Amino acid sequence: MKQLLIVISLVLLSACATTQQSLYQELGGASKVSDIVDNFITEIERDDIMLSYFRGSDIARFREKLNEHLCSLTGGGCEYTGDTMAEVHTGMNLNESDFNHGVDLFINAMTDAGVPHPLQNKVLAVMAPTRDEMLYIK
């Protein structure tokens with residue numbers, strides 16, 4: 001009888017245990033991250049303000065590195081192999097208004113990819129520390 005109680009207790013405990021998912025997994029993995037990145041590129045292409053910052057850019061590399069960076073930041077197990085945010089944004093002299101506009105476009109991209117708002121907030125929270133590496137770099 002004691003062994004039966006132990007087995008039942010273990011079964012109940014294992015049923016109650018939750019597996020901690022990474023933000024990457026919550027988003028839906030590589031497919032959803034790719035959708036977000038593709039949507040963001042589309043948002044940029046439609047926006048004269050942001051598009052001016054990307055003239056002459058290698059969009060295929062941007063797509064690859066943003067996928068990598070977003071995967072890394074959200075716990076997807078990817079290693080970001082691109083340049084630092086400061087290196088990427090040197091010479092752009094982004095101001096806060098343009099930065100915030102870019103964030104709005106990124107939110108649109110996540111919305112278009114079907115990412116719920118609470119999850120969008122989590123993504124923005126892990127991306128926020130890179131903000132200071134992007135602003136006012138001449």
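Let's start with Arg131, whose charged end sits over the ring of Phe99, 5.8 Å from its centre (the rule asks for NZ of Lys or CZ of Arg within 6 Å of the ring centre and within 35 degrees of the ring normal). Keep in mind that this is a predicted model, where local features need pLDDT of at least 70, side-chain atom pairs count only at pLDDT 80 or more, and totals for chains, interfaces and linings use all residues. Residues are numbered from 1 along each chain as its sequence is written, and side-chain values use heavy atoms, with hydrogens and water left out.

Now for the aromatic pairs: there are three of them, counting rings of Phe, Tyr and Trp (its six-membered ring) with centres within 6.5 Å, called stacked if the planes are under 30 degrees apart, edge-to-face if over 60 and tilted for the rest. Phe40 and Phe62 make a tilted pair, because their centres are 6.4 Å apart and their planes are at 40 degrees. Phe40 belongs to helix α3 and Phe62 to helix α5, 22 residues apart (helices are DSSP runs of H or I, at least four residues, numbered from the N terminus).

How exposed or buried are these two? Phe40 is buried at a relative accessible area of 10%, while Phe62, at 22%, is partly exposed; buried means under 20%, exposed over 50%, and partly exposed in between, using a 1.4 Å probe and protein chains only.

Phe40 also pairs edge-to-face with Phe106, 5.2 Å centre to centre and with 75 degrees between the planes. Phe106 lies in helix α7, so this pair ties together parts 66 residues apart in sequence.

Methods. Helices (H or I, at least four residues) and strands (E, at least two) are DSSP runs, numbered from the N terminus.
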